[in-house]
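This report looks at a few parts of one protein chain. Keep the sequence and the structure open while reading.

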Amino acid sequence: MYIMEIIELRGCLEDELIEICRELGIKQFRGTQLFQWVQQKAVLTWDEIRNISKSDLQTLRSRMHLYSLKHVHEQRSKDGTRKYLFRLEDGEMIECVLMDYSRKSARDRHTVCVSTQVGCAVGCTFCATGLEGFRRNLSSAEIVGQVLDITHLVRQEDPDFQVTNIVFMGMGEPLLNYDHVLKAIKLLNHEQGQAIGMRRMTISTCGVVPRIIQLAKDNPQVGLAVSLHAAQDEIRNNLIPMNRRYPLALLMEACREYSRITHRRITFEVALTADNTRREEAAALARLLKGQLGHVNLIPVNPVEGTGMERPNSEKIMEFTQVLEDAGIAVSSREERGADINAACGQLRRLWEGD
Ligand code: SF4
């Protein structure tokens, strides 16, 4: 028996919708209108679509599925960060975070940190998601859906709200869900949709070496951040188990190749805990990154229950920074966001599920 494939509307690019309209005998410009309703106006249901006839919508509904994520819970931090818990159609839950920098800078900046997988197979020991194991990849519609649903929710309070930046840094390893992440990037970048600039999107990886090379070759012009966290294999093996498969020598070779092909600077993320913020670790990091096009972003960790991680004190952070700067390495320190609302990846879901 032939079963017609039902297409996820939020995962379709404009030209794909135009093609579907053509196949269904609907005027092709309806494809552009549909794309704008879904991706730009962020409607949650078919009933909100106004300028397409009921009969055309009925025909489109027979081929396509529009679903929004179920908004389960929201936490708001004193610093304006909002953390959302969404339920997917199959009952799985994901988190995403909206960071609002508008009060700190002249230009409004609203950054959404999206999830790319349910759970994660990498199992980093400092990460609440890593403690859960891998459940499944998100579709491109589900990845984009996080941005659209947050936009829809915030526009109820602020009709002009617009997401300006995306970081693929939520639950999951984005480069292990490569095709869906790249399609989501195209959807979010599309000028008839959210029109978020490629350079305002950043993929964060713990170091999936073959995909770093592939990303360089595909070169979608997005930023790349590598979660380094340690400059010695014996320490990194314990923090990021994937380091056993792709140790630092291989990872740094891939990073050099990435910069050679793309001429782009890589951000090296280093989470600082009370245990790894020592002078000798900073010196090892400086040696590892010598000659690499990039800069280091230091992130003092939010404590995660069950991981035993603690924040380092500010003197240790300053000393660590100084060692890197003395070695000529560009360093920034990421402003900690949402410390009072469990904003570290996977924490809210664990609390909600009563873990
Ligand atoms: S830090 Fe990222 S890659 Fe590591 S376990 Fe958590 S979600 Fe996965």
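In which helix is the place of Y258? Y258 belongs to helix α8, residues 248-262; helices (H or I, at least four residues) and strands (E, at least two) are DSSP runs, numbered from the N terminus.

## About the model

This is a predicted model, in which local features need pLDDT of at least 70 and side-chain atom pairs count only at pLDDT 80 or more, while totals for chains, interfaces and linings use all residues. Residues are numbered from 1 along each chain as its sequence is written, and side-chain values use heavy atoms, with hydrogens and water left out.

Y258 is buried, at a relative accessible area of 2%. Buried means under 20% relative accessible area, exposed over 50%, and partly exposed in between (1.4 Å probe, protein chains only).

Apart from neighbours within four places in sequence, Y258 is in contact with I212, L215, A216, V222, L224, H263, R264 and I266. Contact means heavy atoms within 4.5 Å. From C-alpha to C-alpha, Y258 and N219 are 9.1 Å apart in space, and they are 39 residues apart in sequence.

Two strands pair if DSSP finds at least two bridges between them. Strand β11 (residues 223-227) pairs with β12 in the parallel sense over 3 bridges, and S227 stands opposite E269. Strand β13 (residues 294-300) also runs parallel to β12, joined to it by 7 bridges; here V270 is opposite L298. The chain passes from β12 through α9 to β13 in a right-handed β-α-β crossover. Right-handed means that, with the strands pointing away from the viewer, the path from the first strand over the helix to the second runs clockwise.

## E281 in helix α9

Is E281 buried or exposed? E281 lies in helix α9, residues 279-289, and is buried, with a relative accessible area of 10%. Leaving out neighbours within four places in sequence, the contacts of E281 are Q232, I235, D275, N276 and F320.

The side chains of E281 and R278 are joined by a polar contact of 2.7 Å. A polar contact is a pair of N or O atoms within 3.5 Å; within protein, one must be able to donate a hydrogen and the other to accept it, and residues adjacent in sequence count only if both atoms are side-chain atoms.
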